[in-house]
Amino acid sequence: MEHFGKIRSWARDRNLIEGSSPQAQFVKLIEEVGELAEAIAKDKEAQFIDSIGDVVVVLTILAEQKGFLIERCIEQAWDEIKDRKGRMVDGIFVREAD
């Protein structure tokens, strides 16, 4: 998890935490997700790896801007899904109704 600290330091050094906005980072996130979609569609492994990393970087910055640690967000998501049950439908996991 030390990479998240490095990302936050890198972002602070470039004034991306205070000098940018969550709205601007969300636009950046969508841009990076678009690049990820292209990598998947065109089966570009190097672009896929880079895009996943870029998405994580932007999410880390966005979480920090809102006063949260990405680690906390991941932990909360894990706690929510770890015991989830469901089934695959056309390649998509559909959870059981609560």
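Biologist: Why is Glu38 called partly exposed?

Modeller: Glu38 has 32% relative accessibility. Buried means under 20% relative accessible area, exposed means over 50%, and partly exposed is in between (1.4 Å probe, protein chains only). The 32% of Glu38 falls in between, so Glu38 counts as partly exposed. Before we go on: this is a predicted model, in which local features need pLDDT of at least 70 and side-chain atom pairs count only at pLDDT 80 or more, while totals for chains, interfaces and linings use all residues. Residues are numbered from 1 along each chain as its sequence is written, and side-chain values use heavy atoms, leaving out hydrogens and water.

Biologist: Thanks! How do you know that Glu38 forms a salt bridge with Lys42?

Modeller: A salt bridge is a side-chain nitrogen of Lys or Arg within 4 Å of a carboxyl oxygen of Asp or Glu. The closest N and O atoms of Glu38 and Lys42 are 3.2 Å apart, so the pair meets the rule. In general, side chains of opposite charge can pair when their charged atoms come close.

Biologist: And why does Lys42 count as exposed?

Modeller: Its relative accessibility is 51%, so Lys42 counts as exposed.

Biologist: How many salt bridges are there by this rule?

Modeller: The count comes to nine. One of them joins Arg8 and Glu64, with the closest N and O atoms 3.9 Å apart. Arg8 lies in helix H1 and Glu64 in helix H3, so this pair ties together parts that are 56 residues apart in sequence. Helices here are DSSP runs (H or I, at least four residues), as strands are (E, at least two), and both are numbered from the N terminus.

Biologist: What makes the side chains of Glu71 and Arg8 a salt bridge?

Modeller: They meet at 3.0 Å, N to O, which is within the limit, so the pair qualifies. This pair also links distant parts of the chain, with Glu71 in helix H4 and Arg8 in helix H1, 63 residues apart. Arg8, Arg12, Glu64 and Glu71 are linked in a network of salt bridges.

Biologist: Are Arg8, Glu64 and Glu71 buried or exposed, and how do you know?

Modeller: Arg8 is buried, at 11% relative accessibility. Glu64 is buried at 17%, and Glu71 is buried at 19%.

Biologist: Which residues make the nonpolar surface patch?

Modeller: Ile40, Phe48, Ile49, Ile52 and Val56 make the patch, which is about 430 Å². Patches are made of residues with over 30% relative accessible area and no salt bridge: like charges are joined within 9 Å, and nonpolar side chains (Val, Leu, Ile, Met, Phe, Trp, Tyr) within 5 Å. Areas come from the Shrake-Rupley method with a 1.4 Å probe, and for residues only the protein chains shown count as cover. Ile40 passes with a relative accessible area of 54%, so Ile40 is exposed as well. Ile40 lies in helix H2 (residues 22-41), but the largest share of the patch, four residues, comes from helix H3 (residues 45-65).

Biologist: How do you know that the span of H3 agrees with what it should be?

Modeller: The expected span is 1.5 Å times one less than the number of residues. For the 21 residues of H3 that gives 30 Å, and the end C-alpha atoms are 30 Å apart, so the two agree. H2, with 20 residues, reaches 28 Å from its first C-alpha to its last, close to the 28 Å expected.

Biologist: Which residues of H2 are buried, and what puts them on the same side?

Modeller: Gln25, Leu29, Glu32, Leu36 and Ala39 are buried. They cover an arc of only 70 degrees around the axis, which puts them on the same side of H2. The arc is that of the directions from the helix axis to the C-beta atoms. On the other side of H2, Gln23, Val27 and Ala41 are exposed. The cover over the buried residues of H2 includes H3, where contact means heavy atoms within 4.5 Å.

Biologist: Where is Asp43 found, and why is Asp43 called exposed?

Modeller: Asp43 sits in the loop between H2 and H3. Its relative accessible area is 69%, which is over 50%, so Asp43 is exposed. Asp43 also has a positive phi of about 55 degrees although it is not a glycine.
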